[in-house]
Amino acid sequence: IDQVWLSGFLSEDSRTWKIFSTVKPREFDGAPGRAFPTEAYLDYLLQALEQPGRPKFLFTHLFSVHYPRPTIAEYEGFFNDAPPDSEGLKEDQKKAVNGYDSAIAEIDYHIGRFLDDLEKRGLAENTMIVIGSDHGESFFYEEAGMIRYMHSGNWLNERVGHVPLIIKLPGQNQGQRIQTFVQQLDVAPTVLDVVGLESPKE
């Protein structure tokens, strides 16, 4: 299996970059500083999928939901109204929440474009897609009598731990929502099961 790992916000001399990426940062034209554009990552994945040869496993970490956010002008200030459940938040805190939500809307746009391109290029029927997240954000909301910002420390709450996990199988045209708890450790054995490979014992 050919593998491609792309991760954002890493410098070219970063140890993590050297371990997990097969593409050097400077190969992305117009990359703004150390945060690389979502379009470049997804376009690269499309190009990699179109290459003939062995089956491919492709991973990318889309980083534009982190600061700075969002990265394209159309989604700057995409949300301006008071966020849900924002009573008691200061104006700058509400603005931070709206910026985060606007960046999520931008990611949604990019993923939608990526999925449309998969269809147009005839790649969707033979591609398994997994979309997930490593964490959410607490921001300034109170929970259990405490207020935490972002996802720092060992503060695990609903806003940090309740994240999406979406799996689309090749040829699947009907969705199903699973109500049981899952975790990121479940992703790898699920992928291996779908492609008919046995999970490692350790």
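Which residues do ring pairs link into a cluster? The cluster comprises Tyr75, Phe78, Phe79 and Tyr109. The model is a predicted one, in which local features need pLDDT of at least 70, side-chain atom pairs count only at pLDDT 80 or more, and totals for chains, interfaces and linings use all residues. Residues are numbered from 1 along each chain as its sequence is written, and side-chain values use heavy atoms, with hydrogens and water left out.

The structure holds three aromatic pairs (rings of Phe, Tyr and Trp, the last by its six-membered ring, with centres within 6.5 Å; planes under 30 degrees apart are stacked, over 60 edge-to-face, the rest tilted). One of them joins Phe78 and Phe79 edge-to-face, at 5.2 Å centre to centre and 80 degrees between the planes. Phe78 counts as partly exposed because its relative accessibility is 44% (buried is under 20%, exposed over 50%, partly exposed in between, with a 1.4 Å probe and protein chains only). Phe79, at 36%, is likewise partly exposed.

Strands β2 (56-61) and β6 (165-168) each supply at least two patch residues (strands are DSSP E runs of at least two residues, helices H or I runs of at least four, numbered from the N terminus). Val182 lies in the loop between β6 and α5 (187-194), and its 48% relative accessibility makes Val182 partly exposed.
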